[in-house]
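Me: I have a structure to study and some questions about it. Can you take me through them?

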Amino acid sequence: AFGPGKADLLELIAETGSIGKAASRMKMSYMRAWTLVQTMNHCFKKPLVAATHGGEGGGGAELTETGRQILVLYRQLETKSSAATQATSKQILSLLQA
């Protein structure tokens with residue numbers, strides 16, 4: 001339902017106000033980004049992205065309150081997970097060939 005790529009997509013939608021612009025920045029097709037947005041919107045109790053269709057003024061997209069909340073919580077999860085596994089990660093890296 002959600003992961004690092006979808007979190008990045010949400011951040012870029014919030015930043016650009018556009019699914020298309022967010023997709024372009026991630027070097028993915030609009031259709032792929034739109035499919036990911038639809039998947040996220042269906043997986044959660046409330047939609048994460050609200051999109052308006054194009055027209056004379058063009059379309060747009062923005063994160064809903066739930067979308068903003070999920071993004072903040074996910075970034076907290078990443079930070080806490082990274083901190084909790086730092087020592088083990090260093091041990092693994094020390095065993096890799098240079």
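Me: Leaving aside neighbours within four places in sequence, which residues is Met-40 in contact with?
Reply: This is a predicted model. Met-40 sits in helix H3. Sequence neighbours within four places are left aside here. The contacts of Met-40 are then Ala-1, Phe-2, Lys-6, Leu-9, Leu-10 and Leu-48.

Me: What separates the C-alpha atoms of Met-40 and Phe-2?
Reply: Along the chain, Met-40 and Phe-2 are 38 residues apart.

Me: Is Met-40 buried or exposed?
Reply: Buried means under 20% relative accessible area. Met-40 has 0% relative accessibility, so Met-40 counts as buried.

Me: Which other elements do the buried residues of H3 pack against?
Reply: Start with the list. The buried residues of H3 are Ala-33, Leu-36, Val-37, Met-40 and Asn-41. Seen down the axis of H3, they fall within an arc of 135 degrees, so they line one face of the helix. On the other side of H3, Met-31 and His-42 are exposed. The buried residues pack against H1, helix H2 (19-25) and strand E1 (49-52).

Me: How does the span of H3 compare with what its 14 residues should give?
Reply: Count 1.5 Å a residue, and the 14 residues should span 20 Å. The end C-alpha atoms of H3 agree with that, as they are 20 Å apart.

Me: Are H1 and H3 roughly parallel or roughly perpendicular to each other?
Reply: Two packed helices are described by the angle and the distance between their axes. The axes of H1 (residues 4-16) and H3 (residues 30-43) come within 11 Å. They cross at roughly 105 degrees. Angles of 65 to 115 degrees count as roughly perpendicular, therefore H1 and H3 are roughly perpendicular.

Me: How many nonpolar, polar and charged residues are in the contact of H1 with H3?
Reply: From H1 come Lys-6, Leu-9, Leu-10 and Ile-13. They meet Ala-33, Leu-36, Val-37, Thr-39 and Met-40 in H3. By class, that contact has seven nonpolar, one polar and one charged.

Me: Leaving aside neighbours within four places in sequence, which residues is Thr-16 in contact with?
Reply: Thr-16 lies in helix H1. Its C-alpha atom is separated by 8.7 Å from that of Glu-62, 46 residues apart along the chain. With neighbours within four places left aside, the contacts of Thr-16 are Lys-21, Ala-22 and Arg-25.

Technical notes:
Residues are numbered from 1 along each chain as its sequence is written. This is a predicted model: local features need pLDDT of at least 70, side-chain atom pairs count only at pLDDT 80 or more; totals for chains, interfaces and linings use all residues. Side-chain values use heavy atoms; hydrogens and water are left out. Axes are lines fitted to C-alpha atoms, for helices over the stretch in contact, and angles run from 0 to 180 degrees between N-to-C directions. Helices (H or I, at least four residues) and strands (E, at least two) are DSSP runs, numbered from the N terminus. Angles under 35 degrees count as roughly parallel, over 145 as roughly antiparallel, 65 to 115 as roughly perpendicular and the rest as oblique. Contact means heavy atoms within 4.5 Å. Ala, Val, Leu, Ile, Met, Phe, Trp, Tyr, Cys and Pro count as nonpolar, Asp, Glu, Lys and Arg as charged, and the others, Gly among them, as polar. Buried means under 20% relative accessible area, exposed over 50%, partly exposed in between (1.4 Å probe, protein chains only). The expected span of a helix is 1.5 Å times one less than its number of residues. The arc is that of the directions from the helix axis to the C-beta atoms.
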